[in-house]
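Open the model in your viewer and keep the selection tool at hand. Each stop on this tour gives you something to select and tells you what is there.

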Amino acid sequence: MHIDRDVTPDYPLSWQARALTGLMRGTLKPVSSLLMRHTLALDCASRLGDLVLMVPHSAPEHVGILPHSSGTCGGEWVRAGQELDESKVLLYFHGGGYFFCSPKTHRSITWRLSAVAGRPVLALDYRQGPIHKLADSLSDALEAYTCLLERGHAARDIILAGDSAGGHLTLAALLALRDRGVPLPSAAICLSPWTDLTDTPRTANRWQDPMLPASRVRWLARRWTSGLDPHDPLVSPVLGDFTGLPPLMIVTGSTEVLRDEARRVALRARQGGVPVTYEEWPRMPHVFPILADVLPEARHSFRHMSDFLAAVADGSSRGETAAA
C-alpha cells in the first residue's frame, strides 16, 4: 500500500450512521451551541465531565487497563490482549476541545488502536482549560514523549495519535519536537484534527455538520488563544512547516466543519515532503471512530489505520524516510 494517497471510502451508509447523525443534529449540536458561549459555561461543562468520569467506561474482557502517573499528569495504559510488543508504544491524546473528556471517555478508540498497532497505548490525561492553558497541554505531551524515550523506547518504536483537540496536540507536539531536535516518532494519526485557531470564519459544512456549530468552534478558539499569537504554528499547526515530520494519517468526515483544515494539513505536509494518507469518509460525524461500538463505518476505519501502520512499518524496514 502507498502511504501518500487520498482515500474516499465507498462503504454503503449504514442505518446506524443515519440514525446517529440525526440524533446528534437534534441534541449535541444545540447543546454545544449553549455551552460554548461563556467561560462560566466551560467551567460547568468541565465539572460535568468530572461526574461523567465516575460512570464506568467498560472495555472488552481481553483489554487490560492500568493507571499511569508521571510528572504533572497521569493517564492510563491500555493493552488489547497479551500478544503485544512491549518494546513499542502508541501515545494517545484525547479530544474534547481542551476542556472536556479524558482517557476513560476514549477507550473505544484506544483499545482498538492497541489491537491494530500491536502495542500498548499510553492515553495521556493532559492538563486542560479552563484552568490550564494550551502551553500546559503541550508541555504535558512533550514530557510524556520524553519519558517514553527515557524508559528505553526508541523513537522509531513510538507512534503519536489524537482526535480533535488531541489531533491539534499531536501536530503541535511533532512541530515542537522537531524544532527542539528531539528524535521523532515513526508515524502519527490524526482523527478529525482541530488545526486552525485563527479567527477565520468556517463556512464549509456550516449547516451540514451534525455535531459542531461553526460559530462556537470559532468562539472556543478565541478563548484558548487569548494573549497568544493565533498564527504561531504551535497554536495553529495548519500554518506550520511540516518538513521532516514522519508519515501522517488524517481521518475526517466529509460533512465536518473541521474538514477543510484537515485537508489543508495534508496539503501543507505534502509540500514539506511528508507522505500523508488522507481519508475523507462520506457523511461521517466528528471523530466518528469513537463510535465503533455501534457504527460499522467506525470499525472499518480501524482496519484502514492498521493498513497505514503496516505500510509505515514496511517502509521503515526498507529504509524509507518521511521525505522520500
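Select serine 301 to begin. Is it buried or exposed? Serine 301 is buried: its relative accessible area is 1%, and the cut-off for buried is under 20%. This is a predicted model, so read every value on the tour as computed from predicted coordinates.

Now colour the helix around it. Serine 301 sits in helix H9, residues 296-317. Which residues touch serine 301, apart from neighbours within four places in sequence? Show Trp281, Phe288 and Pro289: these are its contacts.

Stay in this area and select valine 287. It belongs to the loop between strand E9 (276-281) and H9. Its backbone deserves a look. Phi of valine 287 is near 50°, a positive value in a residue other than glycine. Most residues other than glycine have a negative phi. Valine 287 is also buried, with a relative accessible area of 5%.

Next, follow H9 to alanine 313, which lies in that helix. Alanine 313 is partly exposed, at a relative accessible area of 47%.

**The whole chain**

Zoom out. How many helices and strands does the chain have? There are 9 helices and 9 strands. The chain has 324 residues, and 56% of them are buried. Its accessible surface comes to about 13,900 Å². Carbon and sulfur atoms account for 55% of that surface. Look at the contacts with a separation of 6 or more: 78% of them join residues 24 or more positions apart.

**A helix pair**

Select H5 (residues 134-150) together with H6 (residues 165-179). Their axes are 10 Å apart and the helices pack at an angle of about 65°. The crossing of H5 past H6 is right-handed.

Show the side chains where they meet. From H5, pick Ser137, Leu138, Ala141, Leu142 and Tyr145. From H6, pick Leu169, Ala172, Ala173, Ala176 and Leu177. What classes of residue make up this contact? The count is 9 nonpolar, 1 polar and no charged residues.

The peptide bond from glycine 129 to proline 130 is cis, with omega near 5°. Most peptide bonds are trans.

**Two cysteines**

Select cysteine 101. You are in the loop between strand E4 (89-93) and helix H4 (107-117). Cysteine 101 has a positive phi of about 75°, although it is not a glycine. Its relative accessible area is 23%, so cysteine 101 counts as partly exposed.

Now go to cysteine 190. Is it buried or exposed? Cysteine 190 is buried, at 1% relative accessibility. How many disulfides does the structure hold? The number is 0.

**An enclosed helix**

Select H7, residues 214-224. Why call this helix largely enclosed by the rest of the structure? Because 8 of its 11 residues are buried. Highlight them on H7: Ala214, Arg216, Val217, Trp219, Leu220, Ala221, Arg223 and Trp224.

Then pick arginine 218, also in H7. Arginine 218 is partly exposed, with a relative accessible area of 23%. What does arginine 218 touch, leaving aside neighbours within four places in sequence? Show Asp199, Thr200, Pro201 and Arg202. Take arginine 202 from that group: it is 16 residues from arginine 218 in sequence, and the C-alpha atoms are 7.8 Å apart.

**Last stop**

Finish at glycine 22, in helix H1 (residues 15-26). At 43% relative accessibility, glycine 22 is partly exposed. Glycine 22 and proline 210 are 188 residues apart in sequence, with 7.2 Å between their C-alpha atoms.

Terms used: Residues are numbered from 1 along each chain as its sequence is written. This is a predicted model: local features need pLDDT of at least 70, side-chain atom pairs count only at pLDDT 80 or more; totals for chains, interfaces and linings use all residues. Side-chain values use heavy atoms; hydrogens and water are left out. Helices (H or I, at least four residues) and strands (E, at least two) are DSSP runs, numbered from the N terminus. Buried means under 20% relative accessible area, exposed over 50%, partly exposed in between (1.4 Å probe, protein chains only). Contact means heavy atoms within 4.5 Å. Accessible areas come from the Shrake-Rupley method with a 1.4 Å probe; for residues, only the protein chains shown count as cover. Axes are lines fitted to C-alpha atoms, for helices over the stretch in contact, and angles run from 0 to 180 degrees between N-to-C directions. A crossing is left-handed if the near helix is turned anticlockwise from the far one by less than a right angle, and right-handed if clockwise. Ala, Val, Leu, Ile, Met, Phe, Trp, Tyr, Cys and Pro count as nonpolar, Asp, Glu, Lys and Arg as charged, and the others, Gly among them, as polar. A disulfide is a pair of cysteine sulfur atoms within 2.5 Å.
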